[in-house]
Amino acid sequence: MKAIVLGAAGLLGSELMKLLPDAVGLTREQVPVTDLAALNGALPHYQAGVVFNCAAYNAVDAAEGQQEAAYQVNAQGAFNVALACAEHDARLIHFSTNFVFSGSHEGAYVEKDEVGPLGVYAKSKLEGEKLVAMVAPRALIIRTAALFGGEAGRSRPSFPERVLERAAAGERLRVVSDQTVNPTYAADLARAAIALASSDMDGVVHVVGGGCSAWDVLARVTLAEFGVAATIEPVSTSELGAPAARPRNGCLGSSRTQALRPWPEALREWALTRKQARIKKP
């Protein structure tokens, strides 16, 4: 089954490409999801049997002032990919976010729970989900949360990487303590997505790291795993004053599949991988 990975330069797209050496990886510069004609040309050209749509506008705070840009990629772009997949009979694996929920729910959100996005990014991602389901009912929409992983030096570092960078720079580490998420190792998510692509599952499924964590706890565990001595200062959401509203409870569960391995275990493996990569450098 020939695979196309859209958004191949991103964190998740890069991990998928490592596991799918015969896949065609397309960056936003090569085939933007906002260009339906380009998508309709690429799918038959590469004889795609499955399309992993990792392309997203995920600058949560910037989206508050760039609503059109967020909707162009996360909603219209998702719609375009779904249209192309429906036209060329390709299986679509589309990725979404825990941010589609309001965070007021007690306990982890499962697939059938009521959505209630708070900010522009979240609303644009939910609109993308709806459009995908409308034109490609056999598509699989994977909601996930708080991705981390990859190599050092990425242009858009994940949260743990930003913590390490700020610690190395001697910056004050003020981290929100009243929002919870499932930290999810991108390599684990990529493996799970490939397995699900070969299944007959469609609709929405939640795939996240096992366990839930506040952001300040994740920051402390990250520093400990990398052997970095720094102090995390917990702050509330209101104290931090970020432009975009975020769900206080961003934890996902699933009634359709098992959680990935516990996030501290995955974080430990990622830290070890990064250390080994540094040792191998000449």
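**Cavity, cores and cysteines**

Analyst: I'll start with the cavity: the lining of the largest cavity divides into four nonpolar residues, three polar and one charged. Keep in mind that this is a predicted model.

User: Which residues line the largest cavity?
Analyst: The lining is made up of Asn-98, Phe-99, Gln-179, Val-181, Trp-215, Arg-246, Pro-247 and Gly-250.

User: And what's the volume of that largest cavity?
Analyst: About 40 Å³. A search of the whole structure for cavities of 30 Å³ or more turns up one.

User: OK, cysteines next. How many disulfides does a search of the whole structure find?
Analyst: One. Cys-212 is joined to Cys-251, with an S to S distance of 1.5 Å.

User: What's the handedness of the disulfide, and why?
Analyst: The torsion about the S-S bond of Cys-212 and Cys-251 is about -95°, so the disulfide is left-handed.

User: Where do Cys-212 and Cys-251 lie?
Analyst: Both are in loops: Cys-212 between β10 (203–206) and β11 (213–214), Cys-251 between α8 (237–240) and α9 (263–280). The pair therefore ties together parts that are 39 residues apart in sequence.

User: What about Cys-54, which is in no disulfide: which cysteine sulfur is nearest?
Analyst: That of Cys-85, 12 Å away.

User: Changing topic: which residues touch the most other members in the largest nonpolar core?
Analyst: Leu-16, Phe-52, Ile-93, Phe-95, Ile-142 and Val-207, out of 25 residues in that core. At least two core residues come from each of β1 (3–6), α1 (11–19), β3 (50–53), β4 (91–97), β5 (140–144) and α6 (186–197). The element that gives the most is α6, with seven residues.

User: Pick Ile-142. What does it touch, leaving out residues up to four places away in sequence?
Analyst: Ile-142 touches Ile-93, His-94, Phe-95, Ser-96, Leu-189, Ala-193, Leu-196, Val-205 and Val-207. Apart from that core there is another one, of 23 residues, including Leu-26, Ala-42, Val-51 and Val-81.

User: Which residues have a positive phi although they are not glycine?
Analyst: Asp-89 is one of them, with a phi of about 55°, and Ala-146 has about 45°. Asp-89 sits in the loop between α3 (67–87) and β4 and is exposed, at 62% relative accessible area. Ala-146 is in the loop between β5 and β6.

User: Two threonines to finish. Thr-184: buried or exposed?
Analyst: Buried, with a relative accessible area of 0%. Thr-184 is in strand β9 (residues 184–185). Leaving out residues up to four places away in sequence, its contacts include Thr-144, Ala-146, Phe-148, Val-207 and Leu-260.

User: And where is Thr-34?
Analyst: In the loop between β2 (24–26) and α2 (36–45). Thr-34 is partly exposed, at 39% relative accessible area. With residues up to four places away in sequence not counted, Thr-34 touches Gln-72, Val-73 and Asn-80. Its C-alpha is separated by 21 Å from that of Arg-143, 109 residues apart along the chain.

Definitions and conventions. Residues numbered from 1 in each chain as written. Predicted model: local features only at pLDDT ≥ 70, side-chain atom pairs only at ≥ 80, totals over all residues. Heavy atoms only, no water. Disulfide = S-S within 2.5 Å. Helix = DSSP H or I, 4+ residues; strand = E, 2+ residues; numbered from the N terminus. 1 Å grid on protein atoms, 1.4 Å probe; cavity = no way out; pocket = protein on both sides within 12 Å on 5 of 7 lines; lining within 4 Å. Points joined across faces, edges and corners; volume = space filled by probe spheres on them. Nonpolar A, V, L, I, M, F, W, Y, C, P; charged D, E, K, R; others polar. Core = buried A, V, L, I, M, F, W, Y, C linked by side-chain atoms within 4.5 Å. Buried < 20%, exposed > 50% of the residue type's maximum accessible area, 1.4 Å probe, protein only. Contact = heavy atoms within 4.5 Å.
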